[in-house]
Amino acid sequence: MSFFQPAFTEYFAQLSENNSTLWFDQNRKWYEREVKIPFQDFVDELIIQLRMIDNDIQIEPSEAIFRINNDIRYTKEKIPYKTWMSANISAMGKRMKEYPGFFIQANHEHLILAGGVYNPEKDSLYQIRQQIAHDPDAFIQAVRNPEFLDRFGGLRGDQHIQLAPEFKELINRIPEITFKQFHFRIELDPSYLLHPNLPKFIADYFRSAQALHHFLRRAYKIAMAA
């Protein structure tokens, strides 16, 4: 079955042109019926599918789905609503966005699938590099996995120019050890939202990154226990 109808993407196309509280309130029933409820049902089923490959994921959709409301208190552009729906699915859900997890964002322009670690804290970044140095073969196997490379194109991250001496000897073999983030991302056409078995389709994508997530989580468990 399809979780989304064309009205989902049409809603965001119009919200992008009419991003105001007045328009949102006038179209609240449309939002509830075609956007909010279908997205909750979709995330619920996606969690079930992801739990089959990652038993650490024991959260409810409400713990993963981000609010559509923008926090405009500290921004120059006072745009009240996001023009997409998004969720962060991991053992920690949205309450700890840097913890390795699966991220989904959907609107009229794209369906984004992403994951890994985007903005690790200083201690977490050090532990990830320590884990790479401790078990370089496991890291290489995870990030050079042909299926992962085919699905996501490899690991992404900005690079540090300066690196602690203890990690420099690995740069030639594992250039990713210089990364400040360890994330992956693919942008799909929004037509994929009409896929008849979208949660399984997405879970199959994320399955190719599971070895990397296991590796990164080991580093986080050390950092969190310290």
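How many of the ten residues of helix H8 (residues 198-207) are buried? Seven of them are buried, so H8 is largely enclosed by the rest of the structure. Buried here means under 20% relative accessible area, exposed means over 50%, and partly exposed lies in between, computed with a 1.4 Å probe on protein chains only. The buried residues of H8 are Leu 198, Pro 199, Phe 201, Ile 202, Ala 203, Tyr 205 and Phe 206.

The model is predicted, so that local features need pLDDT of at least 70 and side-chain atom pairs count only at pLDDT 80 or more, whereas totals for chains, interfaces and linings use all residues. Residues are numbered from 1 along each chain as its sequence is written, and side-chain values use heavy atoms, with hydrogens and water left out.

The protein contains nine helices and four strands. Helices (H or I, at least four residues) and strands (E, at least two) are DSSP runs, numbered from the N terminus. Their order from the N terminus on is α-α-α-β-β-β-α-α-α-α-β-α-α. The radius of gyration of the protein is 19 Å, close to the 17 Å that the globule rule gives for 226 residues, so the protein is as compact as a globular protein of that length. This radius is taken over C-alpha atoms, and the globule rule is 2.2 Å times the number of residues to the power 0.38. The C-alpha trace spans about 60 × 40 × 30 Å along its principal axes. Of the 226 residues, 48% are buried. Among contacts with a separation of 6 or more, 67% come from residues 24 or more positions apart, contact being defined as heavy atoms within 4.5 Å.

Two packed helices are described by the angle between their axes and the distance between the axes. Axes are lines fitted to C-alpha atoms, for helices over the stretch in contact, and angles run from 0 to 180 degrees between N-to-C directions. Helix H3 (residues 28-51) packs with helix H1 (residues 6-17) at an angle of about 130°, the axes being 8 Å apart. That angle makes H1 oblique to H3. Angles under 35 degrees count as roughly parallel, over 145 as roughly antiparallel, 65 to 115 as roughly perpendicular and the rest as oblique. The crossing of H1 past H3 is left-handed; a crossing has this hand if the near helix is turned anticlockwise from the far one by less than a right angle, and is right-handed if clockwise. On the H1 side the contact involves Ala 7, Phe 8, Glu 10, Tyr 11, Phe 12 and Gln 14, which meet Trp 30, Tyr 31, Glu 34 and Val 35 of H3. By class, this contact has seven nonpolar, one polar and two charged residues. Ala, Val, Leu, Ile, Met, Phe, Trp, Tyr, Cys and Pro count as nonpolar, Asp, Glu, Lys and Arg as charged, and the others, Gly among them, as polar.

H3 also packs with H8, the axes coming within 9 Å and crossing at roughly 45°. H3 and H8 are therefore oblique to each other, and their crossing is right-handed. From H3, Phe 42, Glu 45, Leu 46, Gln 49 and Leu 50 meet Leu 198, Pro 199, Lys 200, Ile 202, Ala 203 and Phe 206 of H8. The residues of this contact divide into eight nonpolar, one polar and two charged.

Several individual positions were also examined. Glu 10, in H1, is partly exposed, with a relative accessible area of 38%. The C-alpha atoms of Glu 10 and Glu 45 are 23 Å apart, at a sequence separation of 35 residues. Ala 13, in H1, is partly exposed at 25% relative accessible area, and its C-alpha atom is separated by 24 Å from that of Ala 64, 51 residues apart along the chain.

Glu 121 is located in the loop between strand E3 (111-117) and helix H4 (122-134). Glu 121 is exposed, with a relative accessible area of 52%. Between the C-alpha atoms of Glu 121 and Glu 98, 23 residues apart along the chain, the separation is 8.0 Å. Ala 138 belongs to helix H5 (residues 136-143). Neighbours within four places in sequence aside, Ala 138 is in contact with Phe 215 and Arg 218.
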